[in-house]
Amino acid sequence: MYHLEKKEKWIYTDRELDMKVTVPPGWKAVKLETPRLPALSDKEDVKKAIKCPVYGKSIKNLVVEKNAKSACVLVSDATRAVPTAQIMKYVAEDLVSAGIPYDRIYVFVAIGVHREATEMEMRSFLGDLYGRLSIENHTPFDASNLIFLGETSHGTPIWVNRKAYNCDLHIQIGKVEPHEFAGFSGGRKSVLPGVSAEETIVINHRPKMILSENAAIGVLEGNPVHEDMVESAEKFRIDFGVNCIINNRLELSAVFAGDMTRCHLAAIEYIKKYLGVKMKAPDILVTTPGQPLDIDFYQAVKALIALTEVLDKKTKVVLYCGCPEGVNSEDMLRAFRSGERLEQVIAYTKENYKIQMDHVLLLSKVLKKNVDIFVCCKNVSDEEIREMFMTPCKTLQDAVDEAVKLTEKEEGEILFYPRPQTGLPVLE
């Protein structure tokens with residue numbers, strides 16, 4: 001997918017986006033990727049992980065214990081590369097064999113406040129089970145389909161999907177990777193933001209929370225956003241969790257199942273052990289989010305946010321992406337358009353906060369370091385990129401050439417680091 005080779009000159013190629021760049025003479029090129037984990041090639045391993053969970057009671061035992069007659073399964077949307085159909089097969093098998101019929105298994109796409117999943121996407125989530133299981137998008141704006149479960153210790157009102165909550169048994173399926181302010185994705189995030197009201201998500205994601213020192217990549221202890229999410233998931237009563245690790249090729253690499261908290265923490269320990277990425281600060285860093293975050297610019301900037309702790313003004317940054325759905329966030333653009341200086345944008349965002357302004361605040365952590373960012377994205381206009389305090393470039397080659405020019409160096413190092421959000425990058 002991402003290839004770096006040296007012939008007469010260094011050439012970097014992204015086959016997925018059909019982009020190529022030739023490194024200028026005198027400059028050294030290095031490629032860094034999150035460690036490549038092996039794929040789970042044996043389907044029996046996946047089956048065993050779900051049906052004979054290491055981290056808690058099995059689905060069958062839970063159905064009997066709770067005398068459950070119905071079950072809800074919370075699944076991720078298309079912005080998360082989860083092999084949902086593969087996992088749903090075994091989850092549904094256990095539910096049916098324990099006495100819950102197909103027509104009493106309800107699947108909810110935990111979109112949070114993302115766009116609704118399309119019918120084609122829903123088909124892919126269920127595979128052969130499409131048409132046998134009920135599946136629908138969560139409704140974060142529909143007050144009639146929300147139920148109040150109380151408040152968290154941080155004062156967040158817990159409004160969740162009523163239809164999902166009213167099921168007897170609650171199951172979540174997700175993937176775990178480093179997250180820009182929740183520490184790690186997966187587990188409790190299936191509930192908040194997954195099937196929570198917009199109001200609940202906005203308050204959980206409010207500036208005070210996500211700008212907390214502990215609301216950072218790889219941090220759970222003292223992280224108010226994470227604590228809020230855990231309390232919400234406990235109130236919702238997640239009975240069984242399936243949390244996956246996806247490798248660089250978007251293949252299923254590990255499955256942790258059972259008690260939601262226990263299997264989620266086990267997945268996190270796996271990441272810390274195998275996916276730490278040590279790096280030296282280069283003169284120029286070229287990055288891209290890859291799939292599925294490349295769907296829009298709101299998601300794509302997570303590649304930049306993932307690098308927050310390793311970037312400073314000495315390193316020029318190139319972000320390239322496809323983003324077929326454009327920026328796809330009016331709230332994000334509105335905030336950036338509120339002022340000509342970054343300080344004005346931050347002040348406006350804090351005072352007029354909407355849920356998809358979260359990435360404005362997170363990007364501001366990078367931009368406040370005076371990092372120069374060059375962007376190559378054909379589906380985001382030059383004007384929009386400039387409004388976000390970045391420099392637009394027509395091609396990846398143009399972006400790299402502009403970055404080289406700005407360094408005022410005849411030689412240096414360019415680091416190509418695709419999909420940094422999948423690992424834990426740290427400076428050596």
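**Exercise 1. How do S18 and S19 pair, and where do they sit in their sheet?**

Step 1. Strand S18 (residues 373-376) and S19 run parallel and are joined by 2 bridges. Helices (H or I, at least four residues) and strands (E, at least two) are DSSP runs numbered from the N terminus, and two strands pair if DSSP finds at least two bridges between them.

Step 2. Opposite Phe 374 you will find Thr 391 in S19.

Step 3. Now widen the view: the open sheet has 6 strands with parallel pairing, in the order S4-S20-S16-S17-S18-S19. Strand S4 (27-31) and strand S19 (391-392) each have a single partner strand, so they stand at the edges with one side left without a neighbour in the sheet.

Step 4. Axes here are lines fitted to C-alpha atoms, for helices over the stretch in contact, and angles run from 0 to 180 degrees between N-to-C directions.

A note on the source: this is a predicted model, in which local features need pLDDT of at least 70 and side-chain atom pairs count only at pLDDT 80 or more, while totals for chains, interfaces and linings use all residues. Residues are numbered from 1 along each chain as its sequence is written, and side-chain values use heavy atoms, with hydrogens and water left out.

**Exercise 2. Describe the sheet that contains S1, S2 and S3.**

Step 1. The 3 strands form an open sheet, ordered S1-S2-S3, with antiparallel pairing. Strand S1 (2-6) and S3 are at the edges; each has a single partner strand, so one side of each is left without a neighbour in the sheet.

Step 2. On average, neighbouring strands of this sheet are turned by 15° against each other, direction ignored.

Step 3. H16 (residues 396-407) packs on this sheet too, touching S2 and S3, and its direction makes about 35° with that of S3. Contact means heavy atoms within 4.5 Å.

Step 4. Go down to residues: strand S2 (residues 10-14) and S3 pair in the antiparallel sense over 4 bridges. Ile 11 has Thr 22 as its bridge partner in S3, and Tyr 12 stands opposite Val 21 in S3.

Step 5. The hairpin of S2 and S3 has 4 residues between the strands, and Asp 18 takes a positive phi near 55° there.

Step 6. Buried means under 20% relative accessible area, exposed over 50%, and partly exposed in between (1.4 Å probe, protein chains only).

**Exercise 3. Which residues have the most contacts inside the largest nonpolar core?**

Step 1. Start with the term: a nonpolar core is a set of buried Ala, Val, Leu, Ile, Met, Phe, Trp, Tyr and Cys residues joined through side-chain atoms within 4.5 Å.

Step 2. The largest has 56 residues, and Phe 297, Met 332, Leu 363, Ile 373, Met 388 and Met 390 have the most contacts inside it. Helix H14 (residues 358-367) gives the most to this core, with 6 residues.

Step 3. Take Leu 363 as a case: leaving aside residues up to four places away in sequence, Leu 363 touches Val 301, Leu 304, Ile 305, Met 332, Phe 336 and Met 390.

Step 4. Another core lies apart from this one, with 39 residues, including Val 46, Val 91, Val 107 and Ile 111.
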